[in-house]
Amino acid sequence: MIHSDNAAPTPQWIGLTWLLPLGLFVLLVLSGQPTLGFSLEWVPSLGVSLAFHMDGLSRLFLALILGIGAMVFLYAPGYLHGDARLPRLMVLLICFMFAMIGAVTADDLVTLFLFWEATSVLSFMLVGFDNEREDSRDAARQAMLVTGGGGLALLGGLLLILHAAPGLRLSDLPRLDPALIADPVFSAGVMLVMLGAITKSAQVPFHGWLPGAMAAPTPVSAYLHSATMVKLGVYLLARFDEAMGATPWWEWSLVTLGSITALWAAVLILRERDLKRILAWSTVSGLGTLTLLIGLPNEWSALAFNSFVLAHACYKAPLFFVAGNLDHLAGTRSIDNLRGMGRALPVTAAAAVLAGLSMAGLPSSFGFIAKDVILTAKELADSLWLVGATSLLVSAIGVAVAAVATIRVFFGRPNDALCRDAHKEGLRLVAPPLVIALAAVALGLFPQLVETMLLDAARMMSPDIVFSNADVPALREAADLSTLGSMGLIVALGALAYLGWDRLHQGLARLTFLDPYGPASIYPRALAALKRGAGSVTRALQDGVIGHYLMITLAATCLLMLPLLARLEPAPSLRLDALEAGRIVGAVVVLTGALLAVLASDILARLLAAGVVGIGSALVFLFSGAPDLAFTQLAVETVFVVVAAVALRRHAALDPAPAPGPWRITIAVGFGLMLGVLLLALQAAPMDSSLGDFFLAASLPEAHGSNVVNVIIVDFRSLDTLGEITVVLLTALAAWPLTRALRHKGAIRR
Amino acid sequence: MKPMRSVILEQAIAALYWLMLLAALWVLLRGHNQPGGGFIGAMLAVAASCAYALVFGAEAARRRLPLPPITLAGLGLGLATASGLPGLLAGAPFLTHLWAEVPLGVASLKLSTVMLFDLGVLLCVWGSLSAFCLRLLEAR
């Protein structure tokens, strides 16, 4: 389905990109356990620096980003073999990898935000990779709108936090001043951060975009939408957990939100027939469980969170690869047609079984250990029975999904047509899922390999965690009897759900009254409403009549100035001593011109009257000791009136303008009054002349010029002038193509 | 609409054009010590171009310019920018102007990068506004 006809020779480097994350992964593993950090000055005036900090939590996420990344980079060239767009995909994936690395190691809040947004933008481009298909464009836009909107909330939250605690870094969070946590500004900031995090991690009610994002090619789904990016939200929540853990609203909202998401997604799984979408909903469900675990108050939950992050990536990524292989090699992802595919795709089947073991949480897999820790955490939390029941159901559905993705698809009576036509499995297609699934089993047998890493990560969320790998072998202590009992129950329920899958599906599919409340229906309606709203606002404010634009601008300026006018300091006063003969003459000319401009009905007469106003101002300038200004004003006014008059006569219809209506008169008078009052107030205030004195004194000795105005323009403030003439040139450049239209007859009608 | 033909006006403008440009140059040169400067000079030059266009047509006025208008403006911006470089090379901040006195027997001539800067302003404004105004004055 991804193949396009324009096959092109694949550049050599594409096949080797996987060595980059692999090399970094090896470096990460070999580097031991140091806490690293460095900081570069960036915008010191705003307290923003490019600060990075790597601790246990970062290391865990880095291991996923690099480890899964290596396998994704290995898989992608096999999946898009011969496709001309492969280099684009690889470049985007590499950019995405670095954005993720930046996001999970950022220490400075603004740096974090930048990398966070980079992952959203890259996700948009990757979801919409198949940009010739409308559904993938729509899915990309939805992902962008939801995560981008969440990004705005995150930015607002981070700014509030920085306002409450200037210079705060993420690494400061575990040792936060209790007074700060009680600060309502800080709390509001954390709430907005939470909002941003739950959009990224697709929690209810923002869960709709993630299954839509399955329009992306398989390597993207496996990388972004199961293993890494969607976990960024819970990563950030985990960062805040130690600081906020004792705050009741934090615990409750996370536990509630996580439970609802996990449960609702588990229900929605049963309504799907597409294997990839089933896996996507199960990812949403898993993300809900992670949110719930952050909300649970004990230190086991921190360990459970980190174990599940690792376990989930290690089974979900291979299962996505498996779904991709089925799609790519057998041509379908529908579980209605996929039966007994193990005969045609034996290695894929093996990978699916190994990953399925972990997903179902069966012994000897890492999923088993993670599930055990999760159950312990939940038991210790003695929270609501609702949480317990929820997690029981969610886990059971997880077992059923694992069974569907393995037993139902790969075993049983083969679908002969599909098996016969299936292509051969290439090394690049089977090695990645197999390697990751084998790793999940290896970690299940030898959990001590990752014990230190997981405990280090957990300590970032609960620094005074009681167990250390020396005295309590936390992970190996798995499977005491109580949790074994719960696990047995989960597997039994899961088996029941698997056996009754089709009946459950039919039952749920009949619940069509739910559809209007589903994300698939709310999102397009919200989008349509947004477009309608934007349309009516645009039509009201921008109708293409320049006179209306002017009215709106002037009226808005008046409204904005009202609060300022109400408390002018000092009160405006008329200074009669400033009146002298020359200025009075100028003012009379200005007034005459203005009255003529208002009263004249002919457009050319109005233009000339406006020119009279300009000449009057030039007179005022001249008698106020500003000959330069008067000179310039006169020259500008002359050229303007002549050019405008000729241009109007040549290019516009010179209809007599209609008499102004009451609105125009009100706005014009209001604006005039406002400006007048402001100027009088300005005059009444004592003038600070220190700047003027400096220029007067320094002009001749320092800049060798006695015309102070010119010296300021070309010497003291020459950088400003340079900017201004740049603007003049840019304006001319912008007007150049627009005025081209004047060459054609009748170009200007309105 | 064809521009109107009037022999007297044509003869007058042909001479006035150069006179106005000369005035622009004079205003530019005196600008540092007396009212004037690059921008006012530019306005005079633009007025000259517009007057020429009113009598002989916009195309003729454009050909009368030393360079095509946008090129002229670009040259002006370039000159103004370049005038800041000597100061930069001398170790001072960008656009710090340098002065030199060239003795010419009895009198001496003061030369400065300021002059270059102001000339740049003149050319940039002249070119940009001519580009715009001449388009508006163009006969259909």
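User: In which helix of chain B is B:Gly120 found?

Analyst: B:Gly120 is found in helix 6 of chain B, which covers residues 113-137; helices (H or I, at least four residues) and strands (E, at least two) are DSSP runs, numbered from the N terminus. This is a predicted model, in which local features need pLDDT of at least 70 and side-chain atom pairs count only at pLDDT 80 or more, while totals for chains, interfaces and linings use all residues. Residues are numbered from 1 along each chain as its sequence is written, and chains are lettered from A and ligands numbered from 1 in the order in which they are written.

User: What makes B:Gly120 buried or exposed?

Analyst: The test counts other C-beta atoms, placed from the backbone, within 10 Å of the residue's own: 20 or more means buried, 12 or fewer exposed, and anything in between partly exposed. B:Gly120 has 26 such atoms within 10 Å, and is therefore buried.

User: Which residues does B:Gly120 touch, beyond those up to four places away in sequence?

Analyst: With contact taken as C-beta atoms, placed from the backbone, lying within 7 Å, B:Gly120 touches B:Gly76, B:Leu77, B:Leu79, B:Ala80 and B:Ser83. For B:Leu79, the C-alpha to C-alpha distance from B:Gly120 is 4.9 Å, although the two are 41 residues apart in sequence.

User: What does the rest of chain B look like, in helices and strands?

Analyst: Chain B has 6 helices and 2 strands, in the order α-α-α-α-α-β-β-α from the N terminus on. Its C-alpha atoms fill a box of roughly 55 × 35 × 20 Å along the principal axes, and 44% of the 140 residues of chain B count as buried.

User: How many residues of chain B are in contact with chain A?

Analyst: There are 44 residues of chain B in contact with 39 residues of chain A. On the chain B side, the elements giving two or more residues are helix 2 (38-56), helix 4 (69-82), strand 2 (107-112) and helix 6, and helix 6 gives the most, with 13 residues. That side of chain B divides into 27 nonpolar, 12 polar and 5 charged residues, where Ala, Val, Leu, Ile, Met, Phe, Trp, Tyr, Cys and Pro count as nonpolar, Asp, Glu, Lys and Arg as charged, and the others, Gly among them, as polar.

User: Why are helix 15 and helix 18 of chain A called oblique to each other?

Analyst: The axes of helix 15 (residues 366-380) and helix 18 (residues 427-445) of chain A come within 6 Å and cross at roughly 55°. These axes are lines fitted to C-alpha atoms, for helices over the stretch in contact, with angles running from 0 to 180 degrees between N-to-C directions. Angles under 35 degrees count as roughly parallel, over 145 as roughly antiparallel, 65 to 115 as roughly perpendicular and the rest as oblique, so helix 15 and helix 18 of chain A are oblique to each other. The contact is made by A:Phe366, A:Gly367, A:Phe368 and A:Ile369 of helix 15 and A:Ala440, A:Leu443 and A:Gly444 of helix 18, and by class it has 5 nonpolar, 2 polar and no charged residues.

User: Which residues touch the most other members of the largest nonpolar core?

Analyst: A nonpolar core is a set of buried Ala, Val, Leu, Ile, Met, Phe, Trp, Tyr and Cys residues joined through C-beta atoms within 7 Å. In the largest one, of 180 residues, A:Ile68, A:Leu293, A:Phe305, A:Leu319 and A:Ala440 touch the most other members, and helix 13 (residues 299-330) of chain A contributes the largest share, 21 residues. Another core, of 59 residues, lies apart from this one and includes A:Ala618, A:Ala635, B:Ala48 and B:Trp126.

User: What makes A:Ala202 and A:Ser364 worth a remark, as regards phi?

Analyst: Most residues other than glycine have a negative phi, and most peptide bonds are trans. A:Ala202, in the loop between helix 7 and helix 8 of chain A, has a positive phi near 55°, and A:Ser364, in the loop between helix 14 (346-360) and helix 15 of chain A, has a positive phi of about 75°. A:Ala202 counts as buried because it has 28 C-beta neighbours inside 10 Å, whereas A:Ser364, with 12, counts as exposed.

User: How do you know whether the peptide bond from A:Val204 to A:Pro205 is cis or trans?

Analyst: Its omega is near 5°, and the bond is cis; A:Pro205 lies in the loop between helix 7 (184-200) and helix 8 (209-212) of chain A.

Technical notes: Two residues are in contact if their C-beta atoms, placed from the backbone, lie within 7 Å.
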